[in-house]
Amino acid sequence: MPPFSCWGLPMALLALLCCPGSGENTFEVYVWPEQLVVEFRGSWKVNCSTSCPQPEHGGLETALTKTLLDKQPQWSQYLLSNISQDADLLCFFVCFGKQLSKKLSISVYQPPKQVILKLQPAWVAVGKSFTIECRAPAVAPLENLTLTLLRGKETLHYKTFGRATPAPREATATLSATARKEDGHSNFSCQAELDLRSRGGGIVRSASEPQVLEVYEPMQDNQLVIIVTVVSVLLFLFVTSVLLCFVFGQHWHQKRTGAYGVWAAWRRLPRACRAQSA
């Protein structure tokens with residue numbers, strides 16, 4: 001027999017005496033869900049439970065509006081309503097004169113319900129610059145938001161946001177670009193993505209209405225000279241034709257009324273003068 005085998009039983013008894021806690025004096029407290037992400041002014045059910053067979057007392061500590069839905073000795077269910085801000089709550093139970101608690105952190109978010117895209121100017125010449133602007137009003141938490149500017153399915157630019165106040169804020173992203181001929185055949189859009197996975201939630205996406213950029217080719221210098229020349233010649237011909245028509249009209253009018261003018265003057269003379277002339 002090994003020399004240390006005789007110490008096995010005394011050491012085991014000593015361990016039980018010095019390290020109580022296994023058995024009936026040990027219990028756990030649980031909360032479900034373990035993480036909670038709720039939309040602004042939303043509601044959610046929370047369960048508190050314990051492994052203690054006969055807890056002396058238990059409940060939920062929170063400053064939020066709560067309603068007890070159901071209760072049993074080892075668990076209770078509450079409805080949290082009108083959640084408007086981030087908060088921490090505690091599920092607790094008292095068992096064997098000892099209190100244990102479990103914390104649940106609640107995060108409130110506001111999704112990007114509206115995403116607005118604007119092209120400035122909307123009508124631009126090839127080779128000229130234009131601006132793509134995207135706005136997403138009232139989003140929270142802003143640090144989990146990404147705005148992506150797209151041309152068709154091509155990513156042109158994306159913007160993330162640093163840690164900001166928990167209150168909803170407007171997010172904006174802008175990009176200056178040079179117009180290409182093929183841009184006139186593409187749809188520009190903006191996608192907003194709120195990633196809540198680190199807080200126990202999912203991904204909320206929203207996109208703007210697509211916008212079309214009107215692109216035209218600038219007129220060449222020689223084309224401009226030709227157009228100016230043609231317009232000048234046409235204007236000259238028009239003015240000349242008007243003047244000629246006026247001159248020939250006056251000449252024709254005088255030629256037509258010349259004899260009648262002499263006879264009219266003769267009739268206007270006094271009769272005595274006409275008799276002497278006769």
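Student: Quick one to start: is Asp183 buried or exposed?

Tutor: Asp183 counts as buried, with a relative accessibility of 0%, where buried means under 20% relative accessible area, exposed means over 50% and partly exposed lies in between, using a 1.4 Å probe and protein chains only. This is a predicted model, in which local features need pLDDT of at least 70 and side-chain atom pairs count only at pLDDT 80 or more, while totals for chains, interfaces and linings use all residues. Residues are numbered from 1 along each chain as its sequence is written, and side-chain values use heavy atoms, with hydrogens and water left out.

Student: And which side chain meets Asp183 in a salt bridge?

Tutor: That is Arg180, at 3.4 Å from N to O; a salt bridge here is a side-chain nitrogen of Lys or Arg within 4 Å of a carboxyl oxygen of Asp or Glu. Arg180 itself is partly exposed, at 35% relative accessible area, whereas Asp183 is buried.

Student: Which residues are linked in a network of salt bridges?

Tutor: Arg151, Glu154, Arg180, Glu182 and Asp183 make up such a network. Across the structure there are 10 salt bridges.

Student: OK, what about Arg205, what does it form a salt bridge with?

Tutor: Arg205 pairs with Glu193, and their closest N and O atoms are 2.9 Å apart. The two sit in distant parts of the chain, Arg205 in strand β16 and Glu193 in strand β15, 12 residues apart. Strands, like helices, are DSSP runs numbered from the N terminus (E, at least two residues, for strands; H or I, at least four, for helices). Arg205 is exposed at 52% relative accessible area, while Glu193 is partly exposed at 22%.

Student: I keep looking at Arg199. Where does it lie?

Tutor: Arg199 is in the loop between β15 and β16, the latter being residues 203-207, and Arg199 counts as buried at 18% relative accessibility.

Student: And with which residue does Arg199 form a salt bridge?

Tutor: Its partner is Glu143, with 3.7 Å between the closest N and O atoms. Glu143 lies in the loop between β11 and β12 (145-151) and Arg199 in the one between β15 and β16, so the pair ties together parts of the chain that are 56 residues apart in sequence. Glu143 is partly exposed, with a relative accessible area of 29%.

Student: What else is Arg199 in contact with?

Tutor: Setting aside neighbours within four places in sequence, the contacts of Arg199 include Gln35, Leu36, Val37, Asp86, Ser107 and Pro141, a contact being heavy atoms within 4.5 Å. Arg199 also has a side-chain polar contact of 3.2 Å with Asn144. A polar contact is a pair of N or O atoms within 3.5 Å; within protein, one must be able to donate a hydrogen and the other to accept it, and residues adjacent in sequence count only if both atoms are side-chain atoms.

Student: Switching to cysteines: how many disulfides does the structure hold?

Tutor: There are 3, a disulfide being a pair of cysteine sulfur atoms within 2.5 Å. Counting bonded cysteines along the chain, the pattern is 1-3, 2-4, 5-6.

Student: Which residue is joined to Cys48?

Tutor: Cys48 is joined to Cys91, with 1.7 Å from S to S, and the link is left-handed, at -45° about the S-S bond.

Student: What do Cys134 and Cys190 form?

Tutor: They form a disulfide with the sulfur atoms 2.0 Å apart, and it is left-handed because the torsion about the S-S bond is about -80°. Cys134 is in strand β11 (residues 129-139) and Cys190 in strand β15 (residues 187-195), so parts 56 residues apart in sequence are tied together.
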